[in-house]
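Visitor: I am new to this structure and would like to know what stands behind the words used for it. Please show it first.
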Amino acid sequence: MSRPDLILRGGEVIDGSGGPRRRADVAVTGDRITAVGDLGALGADSEIDCTGLVVTPGFIDVHTHDDRYLLEEPLMPAKASQGVTTVVVGNCGSSLAPYTRPDLPKTASAMLDDPRWRFPTAGQYFEALDAGRPALNAAVLVGHRSLRFNCMDDLERPATAAEITLMRSQLREALDAGAIGMSTGLFYPGAQKATTEEVAEIASEMRADDGVYTAHIRDEGDRLLESIEEAAEIGRRAGVQVILSHHKAAGRTNFGKTAQSLPLIDKLRKSQRLGFDVYPYVASSTALLPGIVDRAERVHITWCKGRPEFANRDLDEVARELGGLSRAETAKAVIPAGAIYFTMDEADVSRVVAHPQSMIGSDGIPWDAFPHPRLWGTFPRVLGRYARDRGLLSLESAVHKMTGLPAGEFGLKDRGLVREGAFADLVVFDAGTVGDSATFEAPKQPAAGIARVMVNGETIWSDGASTGARPGRPLRLQTATTRGTAG
Ligand code: ZN
Ligand code: CU
């Protein structure tokens, strides 16, 4: 073979397939892996000694809200520092594109609050990604709530047939531009009145393209099982693959319910394509919503527009300061704001993380002043705390959940595996020390143990810092006609 640009020499390769690690050298030329094995005396323009370290595919963060982060902070340190090389954006029903209305409904995500970062078409968002050259690769989902904002004058009812047609045409434009699917957040105001029928009809636009449907389901608490059934039904009616987002059982009265939800998912998977992801924490995070504050054990404010001094404070403390208001009254008084909700049981989180088919998605919120630590810690936490320290799963299985498994489920061609011909998205880490450093008290901390991160053959992170390289690419949908070709 011809002389490669680079050889990662002497590491233990965990190739992302779920198979066992083996000692191997990895050769890279241009943006591709050109050889894996004992490369002996073969020389390269540069060599990196990986003795004592593990070499894996770059991690795929399947559930993110990095739509704006890709453009505003293209080095993306929160993700690069963890070994993430690809992010899937546009989740929970919210995307920056397509967005065609001049104003912003009250129920919109704070991600959309800057008009400079809203795009009338997905094509324009892709152009911005091409021009912005972020460090990471990105796959793009269209948010169903964004479609509703564009096409409906009243969000507090199901869409009419004419509105569904309009939403389908916007989704069509996005799929043709390269979006890989659509997300919903039926839990959220602005989408709650959407019926199963409405979503199934819109999602069926993706059938021919084999797009993905990702679901922040209607209810992750008391009606968890029914809500999973609804998402599965949407997938069957639309003829598309379903991904259940951030799978959990929320609220004390629902602790233990993943012992029922996981068997339900296993059963559904026998007759339809359905996957799910999880983040490894007992707290969730989203906007501060007065309607849900009482379900949490504890609520922590992550940002607050009107009263920035309330960020990083406990809601109960703020409630006392405001003269003994209830949690809900306090929330109403200080919104718009964001919050962390302690609503889960560790046994449920562990059960979902350990399930062989769960993928890992951070659900991190990059615009928060004091973000949930999942933004900086998710992937190393699974590798360190869940795999190594607690032995809940093998390192090979943990890596598979972050690489080969999601690449397959999301149709990311030639990603997620260390093998000849694949893109050179790679992570080199120390299996003995890898771990999350971000905490609820100090959430913006790069992980420990991540030695080097490469995207498309270029190193974006090493020695605890961004290198400045920005080799990421938008990963466009492989349509029926382009599937099977490189790209
Ligand atoms: Zn969500
Ligand atoms: Cu989300």
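Visitor: What makes His 65 and Cys 92 buried or exposed?
Guide: This is a predicted model, and in it both His 65 and Cys 92 are buried. The word applies to a relative accessible area under 20%.

Visitor: What are the protein donors of the copper ion (ligand 2)?
Guide: They are His 63 (NE2), His 65 (NE2), Cys 92 (SG) and Asp 363 (OD), lying 2.1 to 2.3 Å from the copper ion. The cut-off for a donor here is 2.8 Å, so these atoms qualify as donors. Along the chain the donor residues follow the spacing H-x1-H-x26-C-x270-D.

Visitor: Why is the site of the copper ion (ligand 2) called irregular?
Guide: The angles among its four donor atoms run from 82 to 166°. A tetrahedral site needs all angles between 85 and 135 degrees, so the copper site does not count as tetrahedral. The site is classed as irregular.

Visitor: Which residue bridges the copper ion (ligand 2) and the zinc ion (ligand 1)?
Guide: Cys 92 does, and the two ions lie 3.0 Å apart. His 65 and Cys 92 also link distant parts of the chain, 27 residues apart. His 65 sits in the loop between strand S6 (59-61) and helix H1 (69-72), and Cys 92 in the loop between S7 and H3.

Visitor: How do you know which residues coordinate the zinc ion (ligand 1)?
Guide: Cys 92 (SG), His 216 (ND1) and His 246 (NE2) coordinate the zinc ion at 2.0 to 2.2 Å. Those distances are within the 2.8 Å cut-off, so the three atoms count as donors. Their spacing in sequence is C-x123-H-x29-H. Within this site, Cys 92 and His 246 are 154 residues apart, the latter in the loop between strand S11 (241-244) and helix H8 (258-269). Both Cys 92 and His 246 are buried.

Visitor: Why does Thr 165 count as exposed?
Guide: The relative accessibility of Thr 165 is 51%. Exposed means over 50%, so Thr 165 counts as exposed. The residue belongs to helix H5 (residues 161-177). Its C-alpha lies 9.0 Å from that of Glu 201, which is 36 residues away in sequence.

Visitor: What about Thr 378, is that residue buried or exposed?
Guide: Thr 378 has a relative accessible area of 0%. The limit for buried is under 20%, so Thr 378 is buried. Thr 378 is part of helix H12 (residues 374-389). Leaving aside neighbours within four places in sequence, its contacts include Gln 82, Tyr 279, Ile 360 and Pro 373.

Visitor: Why is helix H13 (residues 395-402) said to be largely enclosed by the rest of the structure?
Guide: Seven of its eight residues are buried, so the helix is largely enclosed. Among them are Leu 395, Val 399, His 400 and Met 402.

Visitor: What makes strand S13 (283-287) and strand S14 (298-304) edge strands?
Guide: They belong to an open sheet of three strands in the order S13-S15-S14, with antiparallel pairing. Each of S13 and S14 has a single partner strand, so one side of each is left without a neighbour in the sheet. Neighbouring strands here are turned by 20° against each other on average, direction ignored.

Visitor: How do you know that S13 pairs with strand S15 (residues 337-342)?
Guide: Five bridges join S13 to S15. Pairing requires at least two bridges, so S13 and S15 count as paired. Within this pair, Ser 285 has Ile 340 in S15 as its bridge partner.

Visitor: What is the order of strands in the open sheet of eight strands?
Guide: The order is S6-S7-S8-S9-S10-S11-S12-S16, and the pairing is parallel. S6 and strand S16 (358-360) are the edge strands, since each pairs on one side only. Neighbouring strands of this sheet are turned by 30° against each other on average, direction ignored.

Visitor: How many bridges join strand S10 (residues 212-216) to S11?
Guide: Four bridges join them. At least two are needed for pairing, so S10 and S11 count as paired.

Methods:
Residues numbered from 1 in each chain as written. Chains lettered and ligands numbered in written order. Predicted model: local features only at pLDDT ≥ 70, side-chain atom pairs only at ≥ 80, totals over all residues. Heavy atoms only, no water. Donors = N, O, S within 2.8 Å, 3.2 Å for Na, K, Ca; no water. Helix = DSSP H or I, 4+ residues; strand = E, 2+ residues; numbered from the N terminus. Buried < 20%, exposed > 50% of the residue type's maximum accessible area, 1.4 Å probe, protein only. Tetrahedral: all angles 85-135°; square planar, octahedral: opposite > 155°, others 65-115°. Contact = heavy atoms within 4.5 Å. Axes fitted to C-alpha atoms, helices over the stretch in contact; angles between N-to-C directions.
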